[in-house]
Amino acid sequence: MVERTTTPPALQGPTAKEKKYDRQLRLWAASGQQALEDAKVLLLNSGPGVVGVETLKNLILPGVGNYTIVDEVDVTEKDLGVNFFLEESSLGKSRAEESCKYLQELNPEVNGNAIQKSTESFVEKPSVLDNYTLIILIGPTKDSSILEKISQHAQKSSIPLFYVHCVGFFSHFSVQLPAQFPIVDTHPDPASTQDLRLLNPWPELLIFTREKTGNLPFQPDHEHGHVPYLLLLLHYLNVWKATRDGKAPAKYSDKKEFAAMVAEGARKNNAEGGEENFDEATANVLKSLNPPSISSGLREVFESDDCRNLRKDSANFWIIAHAINKFHAAHNGLLPLPGALPDMKAQSSDYIQLQNIYKAKARSDFAEVTATVRQSERDLDIKSPIEDKEIEAFCKGAQFVKLIRGRPIRVAKSTEPLGWSDRAEALSMELENQKMMGLESLLPIYFAFLALDRHHDEISRLEQSRREPSPVKEIPGARNVSGAVLPVPNFAEAAHFYTPAVDPEKEPKPWPRFDTAEARGTFDNVVKELDRADGAELHNISALTGGMVAQEVIKVITKQYVPVDNTCVFDGIASKTAVFNI
């Protein structure tokens, strides 16, 4: 009888979608790509509108799901000179519709929409913003009330908001995130994510260590030179502890002595004149033999009231954080084991067995955390359980979790000074420290854009006063005593340098003022450039700024990597960027 053979199934290659997005899938994986495709981005465009379109370009190419352009103007000759997503045939037509049409050619799988309206009329009912997952607002707005209305509603609805300026050679964008914006997948340096647990080994790891190092001095050269360095370190730790009251090397000098002891165990009478696994062991002593600790970001999460006191409406993040906090307390400061191993000199069978030991321990820790999560769900009567993959991702990345507490975008009004509260001291010191290091801070660029916002708000109020029977009280000088309308003030003349005020009753120290000669000089130079540009954009500056904004937008949408917190300034003349927490 002839035995039947089964033809093995054909290997399935990558799908067309995976091929198309191959490079970015390596950056943010399928989960990030799905989040991007589910996103609905709103662009509230104004001015030349180039930086907004360039931002969308860098979101459409990687496959953002939906975008909407709100722009009231028609295409002019000026637009054709700076906006690459317009053609001569676009003249006189809606800039929103024409830009959308040509952007669509970049990626037909993306859904684009155009609305020919002013930002002011579009957000007349702010609830319209709830249809979008992220908002990009291009400044300056017509007046401060528009930015304030959008900012307040976005904050209330937990919708991320980007406020972008691009004028002449300078640009800036501020990011307003929800009050609590946790990021689990921060993509830290792989070298820093290894948790080998050598000072806290578990039984299975110790048994395997004894099996492979029990007769270490008498092993054949091949086996001796292929003992994984993790097991070598555990073996020599036992030797070290036997003569030091069971204590592991803690001080730097002790670790150097321990490394020397490990190095002495290597055999030199072989063809290579040494053993690579022993070299790996000595090289990893300093970073592998450290007591457990947690990052400042994770500590902030653990100490938060949201983590300690769960509620029925607690987000998944806090329920998992609560469970990991309990694990951390129950295991003497240890976090769930990620389970990943670095490459090392070893026989394949030994390395695979070692991998399995670490993976089994990681699964055990994950199961313990999951059990706590499920108990919390029962206690809180939560009907929709958290997915296992979300818990597992948190367990693996717990050490590098980042919690960003979003701050509202500062609104520059012509009727009142800006309030700086807790940021006054930090921002003052930023300028002072830059001065002491002989550097020129980019912070005055941000203040120049605030001055520009305030100037536009002042113009808007002046125009309003001219339309009304009586002048607007908040604008002194809108009309003179004879009732004649005064001319619109020049920006360069009207710009004011905003100096954060520190309450002398609360803080008697005289903090450095922003209006130092150096800072004032930088500010005046930026104001001159903004005044010269008169609202115009340079395409190369807008394209670069659009790329930076899009990168941060993708971080926010995918909740991966760490986005800017919360203001970024770009100096196109010096080709420098700076980030400030304002």
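A nonpolar core is a set of buried Ala, Val, Leu, Ile, Met, Phe, Trp, Tyr and Cys residues joined through side-chain atoms within 4.5 Å, where buried means under 20% relative accessible area (1.4 Å probe, protein chains only). The model you're looking at is predicted, so to speak of local features takes pLDDT of at least 70, and side-chain atom pairs count only at pLDDT 80 or more, while totals for chains, interfaces and linings use all residues. Residues are numbered from 1 along each chain as its sequence is written, and side-chain values use heavy atoms, with hydrogens and water left out.

Let's start with the largest nonpolar core, which has 42 residues; L56, L59, I136, F162 and F173 touch the most other members. Helix α23 (residues 539–558) gives this core its largest share, eight residues; helices here are DSSP runs of H or I, at least four residues, numbered from the N terminus. Another core, of 32 residues, lies apart from it and has L231, F258, L337 and I357 among its members.

Now for the aromatic pairs: the structure holds seven. Rings of Phe, Tyr and Trp (its six-membered ring) pair if their centres lie within 6.5 Å, and planes under 30 degrees apart count as stacked, over 60 as edge-to-face and the rest as tilted. W202 and Y358 make an edge-to-face pair, because their ring centres are 5.0 Å apart and their planes stand at 80°. This pair links distant parts of the chain, 156 residues apart: W202 sits in the loop between β7 (181–183) and α8 (203–213), and Y358 in helix α17 (residues 348–379). Both W202 and Y358 are buried. Elsewhere, F317, W318 and F394 form one aromatic cluster.

Notes
Buried < 20%, exposed > 50% of the residue type's maximum accessible area, 1.4 Å probe, protein only. Helix = DSSP H or I, 4+ residues; strand = E, 2+ residues; numbered from the N terminus.
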